[in-house]
Amino acid sequence: MSNISENLERISERISAACERAGRKRESVELIAVSKTKPVSDIREAMRLGISCFGENRVQELRQKTAEIPEKLHWHMIGVLQKNKVKYLPGMVEMIHSVDSLGLAQEIEKECKKHGISMDVLCEVNVGREESKGGVLPEELPGFLSEAVKLPHLCIRGLMTVAPIASEAEESRPIFRSLRELLESMNREIPALSMDQLSMGMSGDFEVAIEEGATLVRIGSAIFGDRHYS
Ligand SMILES: *Cc1c(COP(=O)(O)O)cnc(C)c1O
């Protein structure tokens, strides 16, 4: 067996076990295979093993990979997104996880309106309040969401966060719990919202995220191996 195949098997078992511990159905958690920096051949191998959801963090790379792989896949944009790149995404990605400003939300609205389609989006929240990270701060969330929810070509499906780097997965638990609590309180406060997606958990902490309610886990290196940036 290749590494990717072994890795996927192990991750699938760990996802199932985490769901069981949390009393959740396995189908309530979707695995997004984060293929950034990895070659199309790796994606093809994961496809052969039954994976159809892939995450990328750069528009340029998404465009190249979707051009090389004509098969219908579920692509997720998970990285920092510049407004001038939004125009490439309608029809290409299924969901944008990294919406963190009204300006960006309005740009997505404008481009999706042109195509007459609606885009599933998540609002990225900087739960850990890190200077280096994007995302709206928790206290900015009510203001942001009450405006973004008015944009007719956006469907706000939920919230996303990247936990601060930690040596132990348990350290991320309070971050994930806060994100779930924010989703619940925003749904209560803003009647037009009915968010049901929590994108949280990566290679190092996805089990804890599932225990805290993640519906989308974004896993890269545990599937495809370490990334090498040149
Ligand atoms: C790269 C990346 C991931 C995957 O990280 P791994 O630790 O390799 O699993 C998840 N989410 C985002 C936003 C990323 O940029």
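The structure holds 0 disulfides. A disulfide is a covalent bond between the sulfur atoms of two cysteines. This is a predicted model, and the points below walk through its cysteines, its ligand site, one of its helices and a few individual residues.

**Cysteines**

- Cys 123 is buried, because its relative accessible area is 2%, under the 20% cut-off for buried residues.
- Cys 155 has its own closest cysteine sulfur in Cys 112, but the 11 Å between the two sulfurs is again too far for a bond.
- Cys 155 counts as partly exposed, because its relative accessibility is 30%, which falls between the 20% and 50% cut-offs.

**Around the ligand**

- Which residues are found around the ligand? Among them are Val 34, Lys 36, Ile 78, Met 160 and Val 162, and the list also includes Met 202, Ser 203, Arg 218, Ile 219, Gly 220, Ser 221 and Arg 227.
- Lys 36 places a polar side-chain atom 2.6 Å from an oxygen atom of the ligand.
- Ser 203 also has a polar side-chain atom by a ligand oxygen, at 2.5 Å.
- Ser 221 takes part through its backbone, with an N or O atom 2.8 Å from an oxygen atom of the ligand.
- On its own, the ligand has 390 Å² of accessible area, and the protein covers 88% of it.

**Helix H6**

- Helix H6 runs over residues 173-189, which makes 17 residues.
- From its first C-alpha to its last, H6 reaches 24 Å, close to the 24 Å expected at 1.5 Å a residue.
- Which residues of H6 are buried? They are Arg 173, Ile 175, Phe 176, Leu 179, Leu 182, Leu 183, Ser 185 and Met 186.

- His 76 belongs to strand E3, residues 74-77.
- Is His 76 buried or exposed? His 76 counts as buried, because its relative accessibility is 2%.
- The side chains of His 76 and His 97 make a polar contact at 2.8 Å.
- Leaving aside residues up to four places away in sequence, His 76 touches Ile 32, Cys 53, Phe 54, Gly 55, Glu 56, Glu 94, Met 95 and His 97.

- Most residues other than glycine have a negative phi, and most peptide bonds are trans.
- Thr 37 has a positive phi, near 70 degrees, although it is not a glycine.
- Thr 37 sits in the loop between strand E1 (30-34) and helix H2 (40-48), and it is partly exposed, with a relative accessible area of 33%.
- Arg 129, also a residue other than glycine, has a positive phi near 50 degrees.
- Where is Arg 129 found? Its place is the loop between strand E5 (119-124) and H5, and Arg 129 counts as partly exposed at 47% relative accessibility.

**Glu 20**

- Glu 20 is part of helix H1, residues 3-22.
- Glu 20 counts as exposed, because its relative accessibility is 68%, over the 50% cut-off.
- Between the C-alpha atoms of Glu 20 and Gly 55 there are 25 Å in space, and the two lie 35 residues apart in sequence.

Notes:
Residues numbered from 1 in each chain as written. Predicted model: local features only at pLDDT ≥ 70, side-chain atom pairs only at ≥ 80, totals over all residues. Heavy atoms only, no water. Helix = DSSP H or I, 4+ residues; strand = E, 2+ residues; numbered from the N terminus. Expected span 1.5 Å × (residues − 1). Buried < 20%, exposed > 50% of the residue type's maximum accessible area, 1.4 Å probe, protein only. Near = heavy atom within 4 Å. Polar contact = N/O pair within 3.5 Å; in protein donor to acceptor, adjacent residues only side chain to side chain. Areas by Shrake-Rupley, 256 points an atom, 1.4 Å probe, with all protein chains shown as cover. Disulfide = S-S within 2.5 Å. Contact = heavy atoms within 4.5 Å.
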